[in-house]
Every structure is written in structure tokens, then in C-alpha cells.
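Please walk through the structure shown here, with attention to its helix packing, one of its pockets and some backbone details.

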Amino acid sequence: MTAFGDPVDAVIIGAGVVGCALARRFSLEGASVVVLERAPDILSGASKANSAILHTGFDAPPGSVELQCMQAGYDEYMQIRNGFNLPILETGAMVVAWDDSEEARLPELLDQALLNGVADALLLSRAEVLAREPALGSHVRAALLVPREVIIDPWSAPLAYATQAKAMGARFQFNAGLLSARFDGDLWHLETPTGTLTARSVINSAGIQGDSVERMLLGEAQFEIRPRKGQFVVFDKAAAKHLRTILLPVPTARTKGVVLTRTIFGNLLVGPTAEEQEERERPDVTRPELDMLIAKAVELVPALAQAQVTAVYAGLRPASEEKPYRVHSLPEKGYFCAGGIRSTGLTAALGIARHVHGLWAQSRTAGGERSAAPPTFLLPNLAEHLPRDWQTPGHDGIVCHCEMVTGREIEAALGSPLPPGDFGGLRRRTRCAMGRCQGFNCLARLTSLTEGRLSVPIAPEVDP
């Protein structure tokens, strides 16, 4: 077993979108960082399945940490996105009322948006809604328009955070779930399957296992993760012509509800469901819920009755027994937690990283040297509405014809500073095998191209 040498300033447990943002922020501020991830790649847990919306925080609880982090995260994303070539799709969002009771709640939502500083939100009449979205069902009543809600690439953004952190010295240890931990009054001693290490502080961003990790570190947990499954249906790219704006339901106290939205990859997405379950490892899809989502999409946009479904998937959100984020710390033990980060985590990640780093910095008598000129780099564009690699000569052929993924893009991902550890990671970096055929036509070629280059091979070894 390997020992990782001198104590580091911070060990970050979990390489979801929050863990990647934490690694970047702590590295930017001059801290030495190790990220422990039990899976073979980043974004292998809750962060791999979401709606990919960058929210303004218009409906977040006023004065909450969640609102603060969402708006800080939104602003920082917009500040750094050009430096990383991270795309946005400017759609705006409408909270749509479909009956009297929902319409009656829209002024209340507008007041909340204004209270939260979203000053450009406004109410739309039925005629104004249909003028903007003529394909909606005729029973639409009114809407609250939130112009600055946009669609992003949910995987390239955290990959950029992690890659920049690595370029500044952060180390990522995969297949490194926490086995044991001990605090000796000064340092943490952490054991993983890939080695042991010591650290001055531990940052818990373990997502769906956040409470289990806190219990292992502290002996008890201040919160309980209650996994909430969200299923999604992806319509074929031809369906995207029926909708320009993100359609949000009037929210409830428990969930933001089922969303119908375009994706940055050119598809149309409906979901998620919100299903409580105890199982933490198996976000299975189920036919009744998928049928419900398709029926809901057709109810909102009747033309979707003729649209083809490309894919279905499910993820688990790390909800807890309380709605607020579970962000807390024990500075005397060098322990910090970003737990219970639900569906707004993609938007809030950069803000959460700043917030947690602020808590961490307050507990220290000396700080690291902040990076004056952090390294930047351009990620390959995967957005459908922007130029893609296949349109540029010398791309080494098309490997995945459904998503027009080139051989050059596959090689670039495999040779990148933070290469994929498994097939899921390669798919998230390139879109290969994520189209209509779901890999039926390209899997053999992908297996050949990745042979010996993924820690988890596409084709499992077969005993002779």
C-alpha cells in the first residue's frame, strides 16, 4: 500500500461537481489538495444525471446558503466560461401555470424572484406565452418568465474545474473509497484501497454517501441522506424544434417538479421524477414512471406525441431529511461538510466551493499563496448549436455517427490531463454512444480504441 507523503492541507472526499469545484477553489487559494473518489472517474455519482440548467435562484429560499451559493456560482460560471470554452444555450425559463390554482401562485413567485434579486423576471399572459412558445398545449394559462436561466454542458464544466485544479497540483485518487479515518488532534490519517495519507483537514462532499462519510469521520452524522431518484426521458434531436424555453412547473415545497427542456446537445429532455428510496447504488428506470414523463411531455407540447425517444436514464439526488443544504464544520477537528446538495448543485457548485473555503480559511492562522495566473485551457465543444470537431479537417474519421464524435475527439479525451477511467467517463467527455443507437454501431470501434487505456475496460475480461 502506498503512503502519499507529507500531510496535505485538504483532502476532498467525492469527485462530483461540488468536489471538482472545491478542488479548484482550494487549489486557486494555494492549498495542497488530494481528491478521493471511490469510482474510476469524476462525476460517477449524483452529478452524472441532472437537468443541466444554470439557475438564477429566483425560487430559492430567501436569505439561504443555497441562494447565496447559487447566485455566486452562476456569476462565477459566467465569468470563467469563455476561458474554458464552456457553452451556454440562452433559452430563458418559464414557470408555466396550467390551471387556476397555479396561475394564482405566479404573483407570489414573482415577488420571491424580486426579493432574491432576479429583477428581470416578469409575468406573461396566455397570449404572450403562446407567442413565445406556439407549440404549447392550448390549456396554458400564464407564466413567470425568468430570462437569465440557461442550459449548460453538465459534464464539461466540472471537468474544467477538476482539470484546472490538477494543473495547479491537486491530486485525484480514483477507486479510493474511504476505508477508515482517525484524527490524532492535529492531523487526519485516512486509509483507502489505493494508499494512506495524512491531512490537516477533510472536506466531505461525498454526495449520496455524505452522511456515511461523516459518521466514519466523526462517529456520528448531523444529517441523514434520503436518496431521491430522478428518472429522465430524452427525445430525439428532431423534437427540439418544438421548444425554445425551459418549461418549469409551479414548484411545491418538496420538489422543483418535472421540467421539459432542450439540452445543449440538441435533444429534448423531460424529468426528473422525485422518488424516495433507501437503495443508494441502483437508480433503475421503471416503465410506469417513464410513461408518466412521456405523457406529461405530450400534455405540455402535443407535437411530442410523434417524437422518438432516444434514451432514458435515472440518477440519485443526495436529499436529506431537511431541505436546506447541510453545510457545516468542526474547525477544531479540521472537518468541513458540503452535504445534502440537491438538484441545484450544478449551479451552486462554484459558490459552495467559495463558501466552504471561506469557512476553512477562517479556521487557519496562515494561508497559502493564491495563484496569480491560474492555468486555463479550452475544452472541446460538444454543444450542438456551436461548431463541432467533425466540421474541421483532419478529424481522423467519425467514430460515433449518431453524435458525430470523431477519432480525434476520442484520442484527445484519452490523452487529456484528466483522462476517463471508464466508459461512462469517455461518454461524458465526448458524447460517444449517447445517440439514437446507444452504441450499437460504434461500441466495437470504441472498445478497440480504448483497449488498455481505461482502468475499467469496456469489454470485460472473460475467463478461458
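**Helix H10 and its surroundings**

Directly after helix H10 comes Arg431, a residue with a positive phi, near 80°. The model is a predicted one. H10 spans residues 423–430, and because six of its eight residues are buried, the helix is largely enclosed by the rest of the structure. The buried residues are Phe423, Gly425, Leu426, Arg428, Arg429 and Thr430.

The loop between H10 and H11 holds Ala433. Phi of Ala433 is near 65°, positive although the residue is not a glycine. Ala433 has a relative accessible area of 1%, so it counts as buried, the cut-off being under 20%.

H10 also takes part in the lining of the second largest pocket, where H10 and strand S19 (309–317) are the elements that give two or more residues. This pocket has a volume of about 580 Å³. It is lined by 29 residues, of which Lys48, Trp155, Tyr313, Arg427 and Met434 are the closest to its centre. S19 gives the most to the lining, with five residues. Sorted by class, the lining has 15 nonpolar, eight polar and six charged residues.

The crossing of H1 and H5 is left-handed. On the H1 side the contact involves Val17, Cys20, Ala21, Ala23, Arg24 and Ser27, and on the H5 side Pro158, Tyr161, Ala162, Gln164 and Ala165. By class, the residues of this contact are eight nonpolar, two polar and one charged. An α-helix has 3.6 residues a turn, so residues three or four places apart point the same way. Such spacing can be followed in H1 from Val17 to Cys20 or Ala21, and in H5 from Pro158 to Tyr161 or Ala162.

Two further backbone features lie in loops between strands. Asn175 is found between strand S9 (171–173) and strand S10 (180–183). Asn175 has a positive phi of about 55° and is not a glycine. With a relative accessible area of 35%, Asn175 is partly exposed, whereas Ala433 is buried. The other feature is a cis peptide bond from Gly271 to Pro272, with omega near -5°. Pro272 is in the loop between strand S17 (268–271) and strand S18 (275–276).

Conventions. Residues are numbered from 1 along each chain as its sequence is written. This is a predicted model: local features need pLDDT of at least 70, side-chain atom pairs count only at pLDDT 80 or more; totals for chains, interfaces and linings use all residues. Side-chain values use heavy atoms; hydrogens and water are left out. Buried means under 20% relative accessible area, exposed over 50%, partly exposed in between (1.4 Å probe, protein chains only). Helices (H or I, at least four residues) and strands (E, at least two) are DSSP runs, numbered from the N terminus. A crossing is left-handed if the near helix is turned anticlockwise from the far one by less than a right angle, and right-handed if clockwise. Contact means heavy atoms within 4.5 Å. Ala, Val, Leu, Ile, Met, Phe, Trp, Tyr, Cys and Pro count as nonpolar, Asp, Glu, Lys and Arg as charged, and the others, Gly among them, as polar. On a 1 Å grid over the protein atoms alone, a cavity is a set of points where a 1.4 Å probe fits but cannot get out, and a pocket is an open set with protein on both sides within 12 Å along at least five of seven lines; lining residues have an atom within 4 Å of a point. Grid points are joined across faces, edges and corners, and a volume is the space filled by probe spheres set on the points.
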